[in-house]
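Please look over the model shown here.

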Amino acid sequence: MTLFISTSVIILCILLLRNNVHKNKNSLYICFSLIFISLIAMLHYFNFTEPNQFCLAVLAVHIIPLGYLIGPFLYFYTRNTLIHTTKLSKTDYLHFLPFVISLISIFPYFFTDFDSKLKIAQVLLDRPHYISKINTSWLYPSYINILLRPINILLFSTYNLLMLFVFYKKNKKVLLDKRQDYIVFKWLIVINSIIVLMSIGYTNLTLNFHNTTNDLTTSEEIINSRLLLNYILSMLFCLIPILMLVFPVILYGDNKLTNKVKSKVVFNKDDHESLITTAALILDFVKKEKNLLNPNFAITDISSALNLKSKEVLYCFNVILEIKFTTLRKELRIDFAKKELSSDALLFHSMEGIWMKSGFSSRTSFFVAFKEVTGMTPLEYLKSLEI
């Protein structure tokens, strides 16, 4: 069953990537988190449930560092989905430190001949407790990885749930108004809750393994010693592919909380007249640099700041101002970038500094938008200023 579920999760993750990665790069984080969990599940399956020397030799040790990526990737996916970004800050890369240390520690093992790996695998099959005696790491004892991996995942997934709780308290009304956003939010709650429970159970199994195994303990005895907990972990693991199917928007739709609010509400004449003044206030609010140049600036920010309904904001843009919010935001940002390029800003900032300062989330989006609005690339625009 574990092998079937692991394979199913990997296949569904490939499907998720195929449908979503071009829409939202955060799909990479959740997919690789689930794939790494599946690989670890396979490792335990071939070690304890259906012993297989060859598969154990292929998976054992090699995938140890990947366990330290599950927590950070799950955190990046959860946080970035909430704040509408795909970028990582410089401090985010510190979360990869345990992975790097673990990888460096076992790096020499990658160059060990496969016959030796097969012998180690057979020893682990015959006497599982030898895992604490066979050292494949040169920086620290190998068994430390077995203890730290589930704790690392537990810390990240627990923090994610706290982050989601705070987000819900601040954005409850907006979430309830947007059906797709609420579905994605529920998915984040459920997947993090499952991984919290799995990491708690796995930590318990790991501690039990190190406290109770002895020279005569077999793989079957290890499984039977915590049979109920093993069943619970298996059921939780089974929920992952089921949930991916229950939340089809995750597989086939955009798996991030959207900034878009679709509305076809028609206002009467009196409402229209009163919203003309509102539209002017909205336009002034959008033109403020601190708002315009915020990469995450969205319609929801306008609604919250001016105490308006999303449908009123949309009506002001689409009917009164006769321009889409995203189009206006893009044009105003390009106007700001043109002023920066026309000044001496490049003497103090690189081109990267210009697009970041102009509120764009990436170099590509800046160049594409600049070309759409001006008909020239930023470099062509600079050359035109020299003529």
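This is a predicted model: local features need pLDDT of at least 70, side-chain atom pairs count only at pLDDT 80 or more; totals for chains, interfaces and linings use all residues.

## Nonpolar cores

The largest nonpolar core has 70 residues. Ile-30, Leu-34, Trp-187, Met-198, Ile-240 and Met-244 have the most contacts inside it. Helix H2, residues 27-49, gives the most to this core: 14 residues.

Leaving out residues up to four places away in sequence, Leu-34 touches Val-9, Cys-13, Ile-191, Ile-240 and Met-244.

## Helix H1

Helix H1 runs over residues 2-20 and has 19 residues. From first C-alpha to last, H1 reaches 26 Å. That is close to the 27 Å expected at 1.5 Å a residue.

Which residues of H1 are buried? They are Ile-5, Ser-6, Ser-8, Val-9, Ile-10, Leu-12, Cys-13, Leu-16, Leu-17, Asn-19 and Asn-20. Two of these, Val-9 and Cys-13, are also touched by Leu-34.

## Aromatic rings

The structure holds 23 aromatic pairs. One of them joins Phe-297 and Phe-325 in an edge-to-face arrangement. The centres are 5.6 Å apart, with 70° between the planes. Phe-297 lies in the loop between helix H13 (289-292) and helix H14 (299-306), and Phe-325 lies in helix H16 (residues 325-342), so the pair ties together parts that are 28 residues apart in sequence. Phe-297 and Phe-325 are both buried.

One aromatic cluster is formed by Tyr-29, Phe-32, Phe-36, Phe-73, Tyr-75, Phe-76, Tyr-93, Phe-96, Phe-156 and Tyr-159.

## Arginines over rings

Two arginines lie over ring faces. Arg-333 is over the face of Phe-360, 6.0 Å from the ring centre. Arg-363 is over the face of Phe-367, at 4.3 Å from the ring centre.

## Cysteines

How many disulfides are there? The count comes to 0. Cys-13 gives an example of the reasoning. A disulfide needs two cysteine sulfur atoms within 2.5 Å. The closest cysteine sulfur to that of Cys-13 is in Cys-31, at 4.6 Å, so the two are too far for a bond.

Is Cys-13 buried or exposed? Cys-13 counts as buried because its relative accessibility is 0%. Cys-316 is buried too, with a relative accessible area of 0%.

Note on methods: Residues are numbered from 1 along each chain as its sequence is written. Side-chain values use heavy atoms; hydrogens and water are left out. Buried means under 20% relative accessible area, exposed over 50%, partly exposed in between (1.4 Å probe, protein chains only). Helices (H or I, at least four residues) and strands (E, at least two) are DSSP runs, numbered from the N terminus. The expected span of a helix is 1.5 Å times one less than its number of residues. Rings of Phe, Tyr and Trp (its six-membered ring) pair if their centres lie within 6.5 Å; planes under 30 degrees apart count as stacked, over 60 as edge-to-face and the rest as tilted. A charge sits over a ring if NZ of Lys or CZ of Arg is within 6 Å of the ring centre and within 35 degrees of the ring normal. A nonpolar core is a set of buried Ala, Val, Leu, Ile, Met, Phe, Trp, Tyr and Cys residues joined through side-chain atoms within 4.5 Å. Contact means heavy atoms within 4.5 Å.
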